Amino acid sequence: MPEPLADQGAPDFERAAGVGVDVVGVTAFAAQLDEPGTRFARVFTPGERRTARGGGRSAAGEAQSLAARWAAKEAVIKAWSSTRYGAPEVIDPAAVDLREIEVVTDAWGRPAVRLHGAIADALQGREVLLSLSHDPDADVAIAFVVLQEA
């Protein structure tokens, strides 16, 4: 019988401070992406756009990738908000630059969140765990975030 794999530092959910989840309809999202002047032109970093176009993806594949990244940004905001229950926001939600929540991938395509600017400052001492998924048949992309104390 094979030996079990060594623990590689699995997340300690006892340190969980907040959770967030978001689901995006890919077709509706893709239609909004194509609209001139929409907010989606300003919410993705160049790296996120490169990743979405990578590997010779079709336009539908690019929209699916960006929809998952949009869901991740929303899930981070929701997880952060859940830590503020009963207290005022740290940053005015209208002033949040969503490019400060960047979805990056490692060499194997596993996603992670990299925070920048005011959001990184506000969430200092916390780490973001991220899971993304998409289902072309269901036409959805989903993100699940756990915000935990570092």
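**Exercise 1.** State what volume the largest pocket has and which residues lie closest to its centre.

*Solution.* The largest pocket of this predicted model has a volume of about 260 Å³. Of its 14 lining residues, Arg39, Pro93, Val96, Asp97 and Leu98 are the closest to the centre. On a 1 Å grid over the protein atoms alone, a pocket is an open set of points where a 1.4 Å probe fits, with protein on both sides within 12 Å along at least five of seven lines; lining residues have an atom within 4 Å of a point. Grid points are joined across faces, edges and corners, and the volume is the space filled by probe spheres set on the points. The model is predicted: local features need pLDDT of at least 70, side-chain atom pairs count only at pLDDT 80 or more, and totals for chains, interfaces and linings use all residues. Residues are numbered from 1 along each chain as its sequence is written, and side-chain values use heavy atoms, with hydrogens and water left out.

**Exercise 2.** Describe the lining of the second largest pocket.

*Solution.* This pocket holds about 200 Å³ of space. Its lining consists of 13 residues, and Arg57, Arg69, Gly109, Leu132 and His134 lie nearest the centre. Helix H3 (59-82) and strand S4 (126-135) each supply at least two lining residues; the largest share, five residues, comes from H3. Helices (H or I, at least four residues) and strands (E, at least two) are DSSP runs, numbered from the N terminus.

**Exercise 3.** Determine how helices H1 and H3 are oriented to each other.

*Solution.* The axes of H1 (residues 26-34) and H3 come within 9 Å and cross at roughly 100 degrees. Axes are lines fitted to C-alpha atoms, for helices over the stretch in contact, and angles run from 0 to 180 degrees between N-to-C directions. The two helices are therefore roughly perpendicular, a label for angles of 65 to 115 degrees. In the contact (heavy atoms within 4.5 Å), Val26, Phe29, Ala30 and Leu33 of H1 meet Ala63, Gln64, Leu66, Ala67 and Trp70 of H3.

Notes. Angles under 35 degrees count as roughly parallel, over 145 as roughly antiparallel, 65 to 115 as roughly perpendicular and the rest as oblique.
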